[in-house]
Amino acid sequence: MSDSVLTVRDLEITNTVTGAPLVHRVDLDLRRGQVLGIVGESGSGKTITIRAVLGILPHVLEITRGSIEILGRATTSFSAQDWIDTRGTVISAVFQDPGSYLNPSIRMGKQVQEVLRVKKGLSRAEARAETLRLFEAVHLRDPELVYQQYTHELSGGMLQRVLIAAAIALGPEVLIADEATTALDVTVQAEILDLLVELKEREGLSLVVISHDLAVVAQLCDDVLVMRDGEVIEHGTAEAVLRSPQHEYTQLLIAEHERYGLDYFFAKHALASSRKVATYA
Ligand SMILES: Nc1ncnc2c1ncn2[C@@H]1O[C@H](COP(=O)(O)OP(=O)(O)OP(=O)(O)O)[C@@H](O)[C@H]1O
Ligand SMILES: [Mg+2]
């Protein structure tokens, strides 16, 4: 049996109002325990590709060609119930701007606990204990305190940790992080990236990491896809794509990145994660 957890073939996504194809001929492979990076300029189709994978495309957008398989199951014919059974439990995601995914008037603990009660059928006491365990797993410093807090009392980095806790609560195989660290400052960004790598190892997750930042991709990913104008223009191992990019656009991305301080990021990151360096070994 193949160790592929996510396979996309010849994907085309069309805006049904304008008839414009937004993404076409996209192929993607994620193998168990691997990290796949997707990079590319704004509007190149990264988010809608993974929204199609998660079955949460905006209403005007439609898959008009191709196939998506999660753990060998074709999702294009999924019913609403199939998606309910799959999202969160098999495949999960975190996005930029974590605050907007949480209810500002409900305490953090209760929001994560609800997911466990509804989807796993845990009792109130079991769900509370499991939520505290998850908060610890994502290195929230004081799980008991965070459990009682509201969104406005937490920093962006802490909110993203709560969201990651919620995303892994049901033990998914695949976690997708779409610009999950973009809004955070560099040090916090490095800490969240460390956390993703740690969770990958410990919980046996496979990751898709979407980022504008080539430094993120360089540190985290086994394979990389480069997207432009709705197409994958280059793909390969991170090593191959970043060291000897074949496509002119990838070369440009890397050149620009060097100009704006890849080394600076690496220096900062090395500082922030020196204690956890072993996770990259
Ligand atoms: N809800 C929507 N309705 C119509 N078109 C959309 C919608 N969401 C995205 N698009 C279009 O789909 C294309 C790809 O957008 P997408 O958000 O996937 O880009 P992206 O690569 O994620 O960009 P960014 O790096 O800025 O997040 C763009 O042309 C965008 O205008
Ligand atoms: Mg996007």
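User: Which residue forms a salt bridge with Arg161?

Analyst: This is a predicted model. A salt bridge here needs a side-chain nitrogen of Lys or Arg within 4 Å of a carboxyl oxygen of Asp or Glu. For Arg161 the closest N and O atoms are 3.5 Å apart, and the partner is Glu191.

User: How many salt bridges are there between domain 1 and domain 2?

Analyst: Domain 1 covers 1–79 + 175–272, and domain 2 covers 91–171. Glu191 and Arg161 form a salt bridge. Between domain 1 and domain 2 the count is one.

User: Which helix gives the most to the side of domain 1 that touches domain 2?

Analyst: Three elements each supply at least two residues to that side: helix 1 (46–54), strand 7 (174–178) and helix 7 (186–203). The top contribution is nine residues, and it comes from helix 7.

User: How many nonpolar residues does that side of domain 1 have?

Analyst: In all, 24 residues of domain 1 are in contact with 16 residues of domain 2. By class, the domain 1 side has six charged residues, one polar residue and, for the nonpolar class, 17.

User: What is the area buried between domain 1 and domain 2?

Analyst: The centres of the two domains, taken over C-alpha atoms, are 25 Å apart. Across their interface, eight residue pairs are in polar contact. Carbon and sulfur atoms give 70% of the buried area, which is about 1700 Å².

User: Which residue has a side-chain N or O atom 2.5 Å from an oxygen atom of ligand 1?

Analyst: There are 14 residues around ligand 1, and Ser42, Gly43, Lys46, Thr47 and Ile48 come nearest. Ile48 places a backbone N or O atom 2.9 Å from a ligand oxygen. For the side chain of His212 the distance is 3.2 Å. The side chain at 2.5 Å belongs to Ser42.

User: How many residues apart in sequence are the parts that Asp10 and Arg65 tie together?

Analyst: The rule finds 14 salt bridges. One of them joins the side chains of Asp10 and Arg65, at 2.8 Å from N to O. Asp10 lies in strand 1 (residues 4–15) and Arg65 in strand 4 (residues 61–70), so the pair ties together parts whose separation in sequence is 55 residues.

Definitions and conventions:
Residues numbered from 1 in each chain as written. Chains lettered and ligands numbered in written order. Predicted model: local features only at pLDDT ≥ 70, side-chain atom pairs only at ≥ 80, totals over all residues. Heavy atoms only, no water. Domains from an automatic or database assignment. Contact = heavy atoms within 4.5 Å. Buried area = accessible area lost by both parts, 1.4 Å probe. Polar contact = N/O pair within 3.5 Å; in protein donor to acceptor, adjacent residues only side chain to side chain. Helix = DSSP H or I, 4+ residues; strand = E, 2+ residues; numbered from the N terminus. Nonpolar A, V, L, I, M, F, W, Y, C, P; charged D, E, K, R; others polar. Near = heavy atom within 4 Å.
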